[in-house]
Amino acid sequence: MNGTAPANISSVTASLADVLDMPPEFSALLTAFLSLAALRDWFKLAIIGGFIETCRRLYSTSWTGFLDKFWVVASFDDDDTSYNWILFWLSKHPTWSKARRIEVTTRDFDLNSDLMEDDDEDRQMTYIPSLSSKYSLWYKGHYMTVSRSEVQNGTWRTKERVEICILSRDTSILSDLVLEAKTYYKAAKDHLIAIHVSDPSNNWRRVASRPKRPLKSIILDPGIKDLLLNDAEDFLQSRDWYSDRGIPFRRGYLLYGAPGSGKTSIIQSLAGELGLDVFIISLSRSGLDDSSLSELISELPKRCIALMEDIDAAFHQGVRRDRELDATPDSGKSEKQEHDKERDSPLSRVTLSGLLNALDGIGAQEGRILFATTNDYHALDPALCRPGRMDLHIEFKLASKLQAEELYKCFYMPSGPAAEDAKAQSDTSGDSGYASPASSAAKDLADAGPPSPTGSTDSTTLSSSDAEKQSLLYTGSLSSFRAPLLPREKVHELAARFAETIPERELSMASLQGYLMTYKIRPYEAVDGALAWVVKQLEEKEKAKSARGRSGLRPDDVTPDNDD
């Protein structure tokens, strides 16, 4: 039997050689190759192994397809907003109270809300799924599994991913879950606005969440708040009107005026009233050029507030076409001085042309509201201020007497239960509002006349040396003490007296607020010391103006306040 096998192989080889007309050398080589016993076994193994692998793959594909008919699978990456929705929703799920393997974290999921704070601790601990673990839970009667892992994101970075698998043939269950997580998350941030900035990679990144500021807390000239709010609301509701007339759906506001007059504050308040997030565009950011600025603005959400603060200071000498002429070195300055000035000045690779194209070019995002602020309106190029880019220009002036009076009321006017307590106390006892042994002294102060320039009600009895010693004393009060419960009539009276000491359009609202903050539980002393403080502020302002005048700067550039 063994002897017939080589003969059979030789006959088969000879037949193939005749059919294929192979050379005798190749025929002999083929005969020797096929005569190896191990080779035949290899062929058998290859055929059997290929058959088994084919069956395994067919089974795996069929089983996966079968499972896909019953499972809904979704993944959420941490570079997307939906990741915070799902993780925040999972952190509130009761499953983690019974889980044996969890991760404890103090992350706030971009929420600085009461839901993420403890009464006794600064930051509350929350439980979330642990990495590389799988958890089972139920959602609306459907079995689901949750796993959280880290995956590679580029060469040097990783990102977190949450994968949810739900046993259901109805894919709408996933939509219900995501919508519920989104609603739960938005309810937690209902009183917050998100602040975004651009990172060096030219991507938008959320940096903070800030509480919404009530519009009534912003003290401006009458009509400004209503004008801005009504115009912005009308714009957001007019998309179809813009589309029908072929007008780009964009709106720009230029807020200009003295520093500390409330420009930034009103923007934050409007963002809360309109329910829009704020995206801060810094034109002096390192590495920002025309193309990256255009890309950044084009990636803004359809409904948001884009903020460019101090746009006049974005370039060396303001945003204007003739900045090259303005930057010409002074002949009286040394080369070293010019070099130091150039080194210390903020470098910007954004040109005016690039900024204009980014604001209203073909790739500019529609639906956004642009706010730009400046302290020097005349430093801006007219092309930047024209309608279509900056549609509404509003000037913010220094504080008026009316604003000073309203600010005082905002600080000391009782509200809520405190207002009822103050009214009851006033009706029953006629007290001045101080619930302390100092009540009689406070009442005497309330009945006194206008405050003297020295801030003392009896300055005529003080000698010059005593007055000098008194001026060197610094008094304060712990803010943890309760402020006096003043009746509304008394607050109106004190507010009027306070406003009488404030000169018209000489001081900023920021400086007035800073002054009242030092007397936030001492309303009578705030009125008493206002005149002396005003005199001091005006003297400092005159000194600063004289110093700037000697240095060659315009007097208009001088102001001791720098907070919007």
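1. Asn202 counts as buried, because its relative accessibility is 6% (buried means under 20% relative accessible area, exposed over 50% and partly exposed in between, with a 1.4 Å probe and protein chains only). The model is predicted, so that local features need pLDDT of at least 70 and side-chain atom pairs count only at pLDDT 80 or more, while totals for chains, interfaces and linings use all residues. Residues are numbered from 1 along each chain as its sequence is written, and side-chain values use heavy atoms, without hydrogens or water.

2. Asn202 is not a glycine, yet its phi is positive, at about 70 degrees. Asn202 sits in the loop that joins strand 7 (192-198) to strand 8 (204-211); helices (H or I, at least four residues) and strands (E, at least two) are DSSP runs, numbered from the N terminus.

3. Lys140, also other than glycine, has a positive phi near 50 degrees. Its place is the loop between strand 4 (133-139) and strand 5 (142-153). Lys140 is exposed, with a relative accessible area of 54%. Most residues other than glycine have a negative phi.

4. Helix 14 comprises the 12 residues 401-412. From first C-alpha to last, helix 14 reaches 17 Å, close to the expected 16 Å (1.5 Å times one less than the number of residues).

5. Which residues of helix 14 are buried? They are Gln403, Ala404, Leu407, Tyr408, Lys409 and Tyr412. What covers these buried residues includes helix 18 (488-501), helix 19 (509-517) and helix 20 (523-528), where contact means heavy atoms within 4.5 Å.
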